[in-house]
Amino acid sequence: MTRHALLGLLLALPLSAAPAAAPAADAPVLPGTVVGVVDGDTADIRLQSGMIRVRLHAVDAPERDQPHGAASKQALSKLVYGKQVNVEPVEQDRYDRQVARLWLGDLDVNAEMVRQGAAWVYRRYAEDPAYCTYEKAARDLRRGLWALPRDQRAAPWEWRQRKALRRAFTDYDVESVEACVARLGR
């Protein structure tokens, strides 16, 4: 499929379309209500058993002090704040957050954040190649953070290490879907 045909196909899909299938029937799912949004990839959710902090799996949103950080938080808030969601746990992180996929009905919230250009595919932890396709489409369409000038677009994992890196940020503008997929889980 040519790049233009793929882009045309992605343009035909509404932003609110479910970018991925709902969790499998046998997947553990925790229903809850989003009562707070910390940033573009972290939310506080009230479950029947109590409060948990959830870090969205496979995505990384701009940091609060990073360009587009506030807009990313606002995008997640608009999607889920005050709404009933299903939490599909993946693991517990070192900060005692539940790393999970969030579902709003059949909508994969994590993927939707990437589609809107409000988050990056977190290549180190992502497994679903479709996320790379969503990011590439957001880049091509200059959605969200991809509309920023190039010098203001740094991957959050590099932004957090900017003092240690002592080099220019990686330019992901020309990364192909195949190159993104090849880096998943590394």
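Modeller: A cavity is a set of points, on a 1 Å grid over the protein atoms alone, where a 1.4 Å probe fits but cannot get out; a pocket is an open set with protein on both sides within 12 Å along at least five of seven lines, and lining residues have an atom within 4 Å of a point. Grid points are joined across faces, edges and corners, and a volume is the space filled by probe spheres set on the points.

Biologist: What sort of model is this, and how are residues numbered?

Modeller: This is a predicted model, in which local features need pLDDT of at least 70 and side-chain atom pairs count only at pLDDT 80 or more, whereas totals for chains, interfaces and linings use all residues. Residues are numbered from 1 along each chain as its sequence is written, and side-chain values use heavy atoms, with hydrogens and water left out.

Biologist: How many cavities of 30 Å³ or more are there?

Modeller: The search of the whole structure finds two. The second largest cavity has a volume of about 40 Å³. Its lining includes Pro-62, His-68, Trp-120, Leu-148 and Arg-153.

Biologist: And what is the volume of the largest pocket?

Modeller: About 880 Å³. The largest pocket is lined by 35 residues, of which Arg-55, Asp-60, Tyr-122, Tyr-125 and Arg-160 are the closest to its centre.

Biologist: Which strand gives the most to that lining?

Modeller: Strand 3, with three residues. Strand 1 (30-39), strand 3 (50-56), strand 4 (59-60), strand 5 (84-92) and helix 5 (156-159) each supply at least two. Helices (H or I, at least four residues) and strands (E, at least two) are DSSP runs, numbered from the N terminus.

Biologist: Changing topic, where is Asp-41 found?

Modeller: Asp-41 is in the loop between strand 1 and strand 2 (42-47). Asp-41 counts as buried because its relative accessibility is 4%; buried means under 20% relative accessible area, exposed over 50% and partly exposed in between, with a 1.4 Å probe and protein chains only.

Biologist: Which residues is Asp-41 in contact with, leaving aside its neighbours within four places in sequence?

Modeller: Val-54, Arg-55, Leu-56, Val-59, Asp-60, Ala-61 and Leu-76. Contact means heavy atoms within 4.5 Å.

Biologist: What about aromatic pairs: how many are there?

Modeller: Rings of Phe, Tyr and Trp (its six-membered ring) pair if their centres lie within 6.5 Å; planes under 30 degrees apart count as stacked, over 60 as edge-to-face and the rest as tilted. By this rule there are seven aromatic pairs. In one of them, Trp-120 and Trp-157 have ring centres 5.8 Å apart and planes at 75 degrees, so the pair is edge-to-face. Trp-120 lies in strand 8 (residues 120-121) and Trp-157 in helix 5, so parts 37 residues apart in sequence are tied together.

Biologist: Is Trp-157 buried or exposed?

Modeller: Trp-157 is buried, at 15% relative accessible area. Trp-157 also forms an edge-to-face pair with Tyr-172, 5.9 Å centre to centre and 75 degrees between the planes. Tyr-172 sits in the loop between helix 6 (162-165) and helix 7 (177-183), 15 residues from Trp-157. Tyr-172 is buried too.

Biologist: Which residues form the aromatic cluster?

Modeller: Trp-120, Tyr-122, Tyr-125, Trp-146, Trp-157 and Tyr-172 form one cluster.

Biologist: Lastly, what does Arg-139 touch?

Modeller: Not counting residues up to four places away in sequence, Arg-139 touches Trp-146, Tyr-172, Asp-173, Val-174 and Glu-175. Arg-139 belongs to helix 4 (residues 129-141) and is buried, with a relative accessible area of 5%.
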